[in-house]
Amino acid sequence: MAGVFEVEVDGVEHDHGLEQHNEPNQFDVSKLSPEEKWRVEHAKMHAKHKGHEAMHAEMVLILIVTLVVAQLVLVQWKQRHPKSYNLVTLFQMWVVPLYFTTKLHWWRFLSTWFIFSVITAYISFRATRKPLACTTPRLVYKWFLLLYKISYATGIFGYSVVMFTLFGINLIFRIKPEDAMDFGVSLLFYGLYYGVLGRDFAEMCADFMASTVGYYSASGMPTKHLSDNICAVCGQPILVDVSEEGIIENTYRLSCNHVFHEFCIRGWCIVGKKQMCPYCKEKVDLKRMFSNPWERPHVMYGQLLDWLRYLVAWQPVIIGFVQGINYVLGLE
């Protein structure tokens, strides 16, 4: 059934009801373009909220106070109980986007989320087994390092598409701005989301495997002697010398003189966010380890993903809490 609306024209207010009228300033909404329909809805919203300026100011004040208090609570929680904070944050990172995408019927995201969940669940299961299989650490680090690189490339490509769209380069390829922007924002979301989620799972697996392998304990003292030709992360022999160029992977020597497989130490320091030696827990000099300038932005990218975790995991919860306060106080 077609609806007919009246809008405000030349400063004169008109009715926005759904009843049929015969005045000449009415029009059929079903004949409007999507942009014109949006303008009509926008006019209806302004008419509905007119005269509620005091209520809106109160809602903004509640939002600001809630955000400040929530940030203080989260910081204190993270400092006092980091394990429970990380566990709850990881669970919310995994569930919150799933709820909204299921509600919006975003099947493409749900498909990638299911594939990621199945593979990561298998990898996490292998990482938590006792005794730990000798091939598990390399499997874990190679998977999360691959996921890290894919998410990094996807996020950069999505950001590039968004910037190209803003500069109008999409018109050269005859692509509509809205289509190009939707594509770029989607890729940026995929890259950032799976980058953050993958790093959190990698850190959890890294902590568990480090204690299971047995090279160091909670007190910081190694429980086993590390041979010169054994990698402290995976416990496997090192076949390539530090000065040699490996066919599959190279060997790295840290500032503490301990040597590791390339995949193992890269995963430990970057993916698992461990900036210390897995054996002696000495601080790792990342600038010395990654001398190639093209690899240094990866460390900065990891810090960016840490910041985005707050937006993905906690901001929806805080906004929902604010809406609950407004509902209790009768604010609309």
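Predicted model: local features only at pLDDT ≥ 70, side-chain atom pairs only at ≥ 80, totals over all residues.

Trp143 counts as buried because its relative accessibility is 17%, under the 20% cut-off.

**Trp143 and its surroundings**
- Trp143 lies in helix H5, which spans residues 136-166.
- Beyond the residues up to four places away in sequence, Trp143 touches Phe116, Ile119, Thr120 and Ile123.

**Helices H3 and H4**
- Two packed helices are described by the angle between their axes and by the distance between those axes.
- Helix H3 covers residues 82-104 and helix H4 covers residues 107-127; their axes come within 10 Å and cross at roughly 150 degrees.
- That angle makes H3 roughly antiparallel to H4, because angles over 145 degrees count as such.
- The crossing of H3 past H4 is left-handed.
- On the H3 side, the contact is formed by Trp94, Pro97, Leu98, Thr101 and Thr102, which meet Phe109, Leu110, Trp113 and Ser117 of H4.
- Sorted by class, this contact holds six nonpolar residues, three polar residues and no charged ones.

**Thr101 within that contact**
- Thr101 belongs to helix H3 and is one of the residues that meet H4.
- With a relative accessibility of 3%, Thr101 counts as buried.
- Apart from neighbours within four places in sequence, Thr101 is in contact with Trp106, Phe109 and Leu110.

**Annotated stretches**
- An unreviewed UniProt entry gives the annotation "transmembrane region" to residues 59-77, 84-100, 106-125 and 146-173.
- In the model, residues 59-77 are 100% helix and 0% strand, and their end C-alpha atoms are 26 Å apart.
- Residues 84-100 are likewise 100% helix and 0% strand, with 24 Å between the end C-alpha atoms.

**The chain as a whole**
- Nine helices and four strands make up the secondary structure elements of the chain.
- Their order along the sequence is β-β-α-α-α-α-α-α-β-β-α-α-α.
- Of the 332 residues in the chain, 37% are buried.

How values were computed:
Residues numbered from 1 in each chain as written. Heavy atoms only, no water. Helix = DSSP H or I, 4+ residues; strand = E, 2+ residues; numbered from the N terminus. Buried < 20%, exposed > 50% of the residue type's maximum accessible area, 1.4 Å probe, protein only. Contact = heavy atoms within 4.5 Å. Axes fitted to C-alpha atoms, helices over the stretch in contact; angles between N-to-C directions. Parallel < 35°, antiparallel > 145°, perpendicular 65-115°, else oblique. Left-handed = near helix turned anticlockwise from the far one by under 90°. Nonpolar A, V, L, I, M, F, W, Y, C, P; charged D, E, K, R; others polar. UniProt positions renumbered as here; feature names shortened; annotations may be inferred.
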